[in-house]
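Here is a short report on one protein chain.

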Amino acid sequence: MTFGLYELESESKMEIPVKIQLVRRVWTFPLISLAVLLFSAPVLSAGDAPPPPSPRFLIAPNRLPAMLKKGGVILLSAQSKGEVAESGFVNDAIPIDVDDLTTMSEEPGIFTDFTAWSQYIGSFGIDNRSTVIVYDDGELKFASRVRFLLNYFGVRRAYLLNGGFNALAALIADGRLSITPPGVPVEASFDISIQDRPIHLVDRDTVAAVVGSTSATLVDVRTPAEFAGCLLLPGITRGGHIPGARNLPVEQLLTPQADNDLLGFLDRPAKLNSIFRRFGLRINDRIIVYCMDGAKSSLAAGALIDAGFRNISLYYLSYLDWQSDPADLVESIGPCPE
């Protein structure tokens, strides 16, 4: 079945005065919260009707062979030690080390070091006319990080392959794609041109300015255990979440793949729109998305845009950055299961 780009194989900082305790515990009642979430979907007024959602960032696996026949297309295979499955190489895909990219993107001042980004992007053979397609193992978050950063710094046609390498098996089997050694890029010249729309990049000061206000909705797309402060991943010393944030795990935006439920397909725009509306978001809301370190939240930000939401910001450095400053208050939810 074909659904456009979704064709599938089978288808200034606000200081918060805190003297001693920087972790505020919020005791909740999960059953009540669940009932509110399920039965309080917003009622749309005529003026709030969304435009027809149109995917901007994804391509379906079945479209890849035809796209690779066009000139100026660079295929990147996102490689990370954190991947749960193999992210192999097809059609001379060029490897990109996502762990190195993550480290680079977290360096102080790096987002204004345009020379560094120009050299980095050009090292993959990408110039300002290139179309770039990125895939990972199928978790999507690794490739989404790459796609977002490339697009932000000026790669206007940067796409995420829905389903990742795992979704290419049938295309490899029938000969439409071929397993190859990793491609070797020919260095190109790339000029930085910041693309701050449709996803607007924000920093800690911007987020701090909206904490405690109704001017924006903070959406945390990590797991419930991370959000509650019960699971501390490496680098996290103060578990919990940004005060006032709401939790919508990014996994709820994915349909698991049949042969590996740790891998997935990002849902179609209409379904994403329904998920976000049931969560209580409205089309014109100012929404700031964050996660642990920018990977999952870059995927969620793209999903919101594809679903028709108009005012989306990404706190790329995310909770890892927020909790690192002792002046920033965090909330946690208890008790944690033993």
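## The largest cavity

This is a predicted model. Helix 10 contributes five residues to the lining of the largest cavity, the most of any element. Helix 10 spans 295-306. Helix 5, spanning 141-152, also supplies at least two lining residues.

The largest cavity holds about 70 Å³ of space. Its lining includes Phe57, Leu58, Leu160, Ile199 and Leu266. Ser144, Arg147, Ser298, Leu299, Gly302, Ala303 and Asp306 also line the cavity. By class, the lining has seven nonpolar, three polar and two charged residues.

## Helix 5 against helix 10

The axes of helix 5 and helix 10 lie 8 Å apart, and the two helices pack at an angle of about 70 degrees. Angles of 65 to 115 degrees count as roughly perpendicular, so helix 5 is roughly perpendicular to helix 10.

Which residues of helix 5 meet helix 10? They are Lys141, Ser144, Arg145 and Phe148. On the helix 10 side, the contact involves Ala295, Lys296, Ser298 and Leu299. The contact residues divide into three nonpolar, two polar and three charged. Ser144, Ser298 and Leu299 belong to this contact and also line the largest cavity.

## Confidence

The protein chain has an average pLDDT of 86. A score of at least 70 is reached by 84% of the residues. Residues 1-53 have a pLDDT below 50. In the model, this stretch makes 93 contacts beyond near neighbours in sequence.

Notes:
Residues are numbered from 1 along each chain as its sequence is written. This is a predicted model: local features need pLDDT of at least 70, side-chain atom pairs count only at pLDDT 80 or more; totals for chains, interfaces and linings use all residues. Side-chain values use heavy atoms; hydrogens and water are left out. On a 1 Å grid over the protein atoms alone, a cavity is a set of points where a 1.4 Å probe fits but cannot get out, and a pocket is an open set with protein on both sides within 12 Å along at least five of seven lines; lining residues have an atom within 4 Å of a point. Grid points are joined across faces, edges and corners, and a volume is the space filled by probe spheres set on the points. Helices (H or I, at least four residues) and strands (E, at least two) are DSSP runs, numbered from the N terminus. Ala, Val, Leu, Ile, Met, Phe, Trp, Tyr, Cys and Pro count as nonpolar, Asp, Glu, Lys and Arg as charged, and the others, Gly among them, as polar. Axes are lines fitted to C-alpha atoms, for helices over the stretch in contact, and angles run from 0 to 180 degrees between N-to-C directions. Angles under 35 degrees count as roughly parallel, over 145 as roughly antiparallel, 65 to 115 as roughly perpendicular and the rest as oblique. Contact means heavy atoms within 4.5 Å. pLDDT is the predictor's confidence in each residue, from 0 to 100.
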